[in-house]
Amino acid sequence: MPMLLDRIEVVTLFVDNIDEAKAFYQKVFALDVVYEDAVSSVLKFSGTMINLLDAAHAPQLVEPSAVSAPGSGARILLTIKVDDVDSVCAELRKVGIALLNGPIDRPWGRRTAAFADSSGHVWEIAQELR
């Protein structure tokens, strides 16, 4: 039987301040919390979960690799497909989220905009251009 590694169940984001991260994700995404304790919060997206984990507790998950230092630059880009990037950007601005870039039409047929959470994880919203 072939090994099927084609379903992402959870993306774990190492965050610098768990309370700040939880507040950001609840404000932007209004997601259901699946699990929560003092050092993590697991949020349910449509078919995937995002685990916000206090970075101080991350080394045991990635040893012998190191956890990147805060402010060392973007290491991930998570993309959410939307119908209208411009209207989503307007809603993000209403709740106080600053955009890193966009909206901009990309040469690969998408209109995108990006923003970051309090730990620097970059999120992109994208719509298909017709």
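The model is predicted, with local features needing pLDDT of at least 70 and side-chain atom pairs counting only at pLDDT 80 or more, while totals for chains, interfaces and linings use all residues. Residues are numbered from 1 along each chain as its sequence is written, and side-chain values use heavy atoms, with hydrogens and water left out.

Gln127 is located in strand β8, which spans residues 122-128. Helices (H or I, at least four residues) and strands (E, at least two) are DSSP runs, numbered from the N terminus. Gln127 counts as buried because its relative accessibility is 13%; buried means under 20% relative accessible area, exposed over 50%, and partly exposed in between, with a 1.4 Å probe and protein chains only. Leaving aside residues up to four places away in sequence, Gln127 touches Val82, Asp83, Asp84, Val85, Asp86, Gly109, Arg110 and Arg111, where contact means heavy atoms within 4.5 Å. At Val85, the backbone nitrogen is reached by the side chain of Gln127 at 2.6 Å.

Two prolines follow cis peptide bonds. The bond from Glu63 to Pro64 is cis, with omega near 10°, and Pro64 is placed in the loop between α2 (59-62) and β5 (77-81). Gly102 and Pro103 are likewise joined by a cis peptide bond, with omega about 0°; Pro103 lies in strand β6, residues 99-105.

Ala30 is not a glycine, yet has a positive phi of about 50°. Ala30 is found in the loop between α1 (18-29) and β2 (32-36), and counts as exposed because its relative accessibility is 61%.

Technical notes: A polar contact is a pair of N or O atoms within 3.5 Å; within protein, one must be able to donate a hydrogen and the other to accept it, and residues adjacent in sequence count only if both atoms are side-chain atoms.
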